[in-house]
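This report concerns charged contacts, surface charge and backbone geometry. Please consult the sequence and coordinates alongside the text.

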Amino acid sequence: MEEKQEQISFRDLKTKKVWRRFLPQTVLAQGQLQTFFSGNEPPYNPGRNVFEIVTQADFLAEYYPTSHKINSETYYPNVWRTVSEKVIDPVTGEYSIDNDGNFITQENVYCEIVPRFSFPYQQIIAFTHIYHATSNDIQHELAIPDPTEAQDKLFDDMCSSWHEAGMEDAWYQSFKAREITGDTAFVGSVRNGEFSWRVFSYKDGDVLYPHYDQTGALKLLVRSTFQYDASGMTVSEVLEVWDEKNYSIYRRSQGESNVITKVFDRIKGIFGIEGYVLEYSEPHGFPFIPAVYMRNEDGPGWSASQDSIDNYELNFSQMAHNNQAYGEAILVTKTKGDMPVDITRGLNGTIKQIDMDSESEAHFLEGQSASDSYMKQLDKLEEMIYRGSEIIKSPTELKSGDTPATSIKLLFTPNMQRAESDLTECRPFISGMWRIFAFGYGYVNNCITDAMSLRVISWGKVFVPQSESSIVADLVALVNAKILSAQTAAERCPFYSKPGESKKIQVEEKRKRDAELLVELEEIKATQQSRLTQNSNIENQ
């Protein structure tokens with residue numbers, strides 16, 4: 001590890017590919033029409049894209065409604081008004097008058113807090129994607145045409161241990177981190193005869209820096225995290241590094257006083273910068289790097305709808321502001337007599353009593369309401385928020401009776417398409433999880449060679465809401481038609497089948513055959529005994 005790290009500087013080690021969002025090209029390349037020959041041909045220009053860099057901190061700000069742009073006064077400012085008001089004499093309590101008998105006025109500035117509304121569309125979209133991609137367990141299939149009994153038994157036991165080790169929970173946490181913050185990493189560990197794992201996410205304060213070799217395989221994973229004191233100040237930065245052989249921890253303390261630097265030997269030339277010290281290092285025990293990294297190049301699941309969400313919140317807040325200004329009824333009074341209209345209001349400003357003469361009038365002028373075109377604009381924006389993220393807003397209201405499975409699939413087609421696309425991109429990550437788990441299983445059970453040599457295909461299955469009876473009926477029909485084996489049908493049945501179910505079925509069938517054979521033998525013995533008795537009676541006669 002030291003040889004490899006000596007070739008990588010600190011600045012290179014803490015680098016990763018950024019996320020981008022493309023912007024409109026406001027300035028287009030313009031030029032005069034001319035003919036080019038080999039002598040004056042311009043250099044090839046592959047094109048120019050204008051984009052802004054977005055960080056994982058931006059993703060979290062979009063995920064939580066309290067940090068949306070609509071809540072920023074820079075993006076959506078409050079309304080400041082200047083009002084000319086009469087000055088009240090603090091002694092007499094009456095309006096102040098100048099020497100000419102005019103009221104003294106002054107300019108007062110007031111801030112009108114505009115209504116702001118932020119909606120958790122990002123959380124709704126993320127939850128829907130996670131729900132359809134992780135509700136079903138990871139599917140495992142033994143990729144051996146004619147497995148032996150020992151291989152079948154090992155595969156069944158590994159599938160059971162997969163659940164016991166909490167690998168389904170690890171898959172859920174990993175996909176959730178990818179959906180919200182754009183990337184994640186799963187890391188396995190073997191120590192003291194036990195296998196354990198961790199999932200890292202920026203949502204939990206982890207910054208991941210993956211590095212690959214010339215074949216595209218992960219060769220180094222760096223996890224950066226900060227430690228804080230009780231006041232929230234940064235105390236130190238911790239770097240965890242996994243390579244093909246070792247697991248190491250480096251620390252850099254903040255401030256001039258660095259106790260760790262005095263205790264531990266300073267590692268020179270590893271990161272190319274002073275301040276980091278090696279705190280811990282040992283072989284991780286795996287014959288490969290026990291980490292697998294997953295990244296969504298487009299960012300979180302709502303990236304395609306982010307612009308629509310911002311516009312929806314802005315339009316809705318503007319509509320609420322208009323309703324606040326013009327939506328309430330206005331009291332109109334007409335006075336014909338000498339008696340002024342006296343209005344008594346409650347503590348909250350509501351009108352409690354109106355005193356006026358018989359010739360006066362009072363009525364309310366109804367406030368304005370949002371126009372139909374404005375509401376259509378909001379409805380269209382909300383529709384595009386869901387369509388942009390490939391989910392349905394809500395299922396269509398169903399009539400009485402059960403809905404066929406085909407109709408349910410058609411209803412959830414956008415959700416299924418998105419989940420299928422996500423799971424296809426996640427297949428290498430799932431395969432890497434099984435590889436790390438297989439070594440951990442072999443390490444715990446002293447069968448590393450057998451566990452690692454077992455060829456298993458793993459993939460995620462899209463969840464589609466449908467009745468259990470329709471799934472079981474389809475599997476039974478396939479088995480009866482001899483299109484699918486009973487063992488494969490048992491493996492594909494997610495509701496009732498368990499690992500090793502085929503062995504249980506074989507034992508039950510054997511017991512049934514043994515019982516039937518025992519009955520047949522008893523019947524044969526009874527028949528033979530009856531014949532012997534009849535023959536004996538005939539001979540005696």
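The sections below describe a predicted model.

## Salt bridges between separate elements

The salt-bridge count comes to 20. One of them joins E279 to R251, with the closest N and O atoms 2.6 Å apart. E279 belongs to strand 12 (residues 277–283) and R251 to strand 11 (residues 246–253), so the pair ties together parts that are 28 residues apart in sequence. R251 counts as buried, at 11% relative accessibility, whereas E279 is partly exposed at 26%.

R418 and E390 also meet through their side chains, at 3.7 Å from N to O. Because R418 lies in helix 11 and E390 in the loop between helix 9 (372–388) and helix 10 (405–411), this pair ties together parts that are 28 residues apart in sequence. R418 is buried, with a relative accessible area of 11%, while E390 is partly exposed at 31%. Both residues belong to a salt-bridge network that links R178, E390, R418, D422 and E425.

## Charges on helix 15

D514 and K510 form a salt bridge, their closest N and O atoms being 3.2 Å apart. Both lie in helix 15, four residues apart, or about one turn of the helix. D514 is partly exposed at 40% relative accessibility, as is K510 at 48%.

E508, in helix 15 (residues 501–540), is exposed at 54% relative accessibility. Together with E509, E516, E520 and E523, E508 forms a negative surface patch.

## Positive phi angles

N192, which is not a glycine, has a positive phi of about 55 degrees. N192 is placed in the loop between strand 6 (183–191) and strand 7 (194–200) and is exposed at 71% relative accessibility.

N446 likewise has a positive phi, near 55 degrees. This residue lies in the loop between helix 11 (413–445) and helix 12 (448–453), and N446 counts as exposed at 73% relative accessibility.

Conventions. Residues are numbered from 1 along each chain as its sequence is written. This is a predicted model: local features need pLDDT of at least 70, side-chain atom pairs count only at pLDDT 80 or more; totals for chains, interfaces and linings use all residues. Side-chain values use heavy atoms; hydrogens and water are left out. Patches are made of residues with over 30% relative accessible area and no salt bridge: like charges are joined within 9 Å, nonpolar side chains (Val, Leu, Ile, Met, Phe, Trp, Tyr) within 5 Å. Accessible areas come from the Shrake-Rupley method with a 1.4 Å probe; for residues, only the protein chains shown count as cover. A salt bridge is a side-chain nitrogen of Lys or Arg within 4 Å of a carboxyl oxygen of Asp or Glu. Lys and Arg count as positive and Asp and Glu as negative; His and the chain ends are not counted. The place of a charge is taken as NZ of Lys, CZ of Arg, CG of Asp or CD of Glu. Helices (H or I, at least four residues) and strands (E, at least two) are DSSP runs, numbered from the N terminus. Buried means under 20% relative accessible area, exposed over 50%, partly exposed in between (1.4 Å probe, protein chains only).
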